[in-house]
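Q: I would like to learn how to read charged side-chain pairs in a model. Where do I start?

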Amino acid sequence: METPPTDRLLVDMHGAAAMLSLSRRKIQQLQALGELRPIRVGRSVRFAVDELRAWVARQVEAAR
């Protein structure tokens, strides 16, 4: 699976999983737990790239 370009503002579930090197199932779990907040555009679910970066930053801080 190809990593989406980082110049995008929003990515779909596949793109979020690729960017975070996680499975789609893990992304769904994080979404259900409220750790990742999706943006709904009609019936489409997208994730803000900034939200994904913020999640990574929180994980780094928690690991310290």
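A: Start with exposure: a residue counts as buried under 20% relative accessible area, exposed over 50%, and partly exposed in between. Keep in mind that this model is predicted.

Q: What is the general idea behind a charged pair?

A: Side chains of opposite charge can pair when their charged atoms come close. The cut-off for a salt bridge here is a side-chain nitrogen of Lys or Arg within 4 Å of a carboxyl oxygen of Asp or Glu.

Q: How many salt bridges are found in the whole structure?

A: A search of the whole structure gives three. One of them joins R37 and E51, whose closest N and O atoms are 2.8 Å apart.

Q: Why does the R37 and E51 pair tie together separate parts of the sequence?

A: R37 sits in the loop between α2 (24-32) and β2 (39-41), while E51 belongs to helix α3 (residues 49-63), so the pair links parts that are 14 residues apart in sequence. R37 has 54% relative accessibility and counts as exposed, whereas E51, at 10%, counts as buried.

Q: Which helix holds both R53 and D50?

A: Both lie in helix α3, three residues apart, which is about one turn of the helix. R53 is partly exposed because its relative accessibility is 44%; D50, with 56%, is exposed.

Q: Are R64 and E61 buried or exposed?

A: Both are exposed. R64 and E61 also form a salt bridge, with the closest N and O atoms 3.2 Å apart.

Terms used
Residues are numbered from 1 along each chain as its sequence is written. This is a predicted model: local features need pLDDT of at least 70, side-chain atom pairs count only at pLDDT 80 or more; totals for chains, interfaces and linings use all residues. Side-chain values use heavy atoms; hydrogens and water are left out. Helices (H or I, at least four residues) and strands (E, at least two) are DSSP runs, numbered from the N terminus. Buried means under 20% relative accessible area, exposed over 50%, partly exposed in between (1.4 Å probe, protein chains only).
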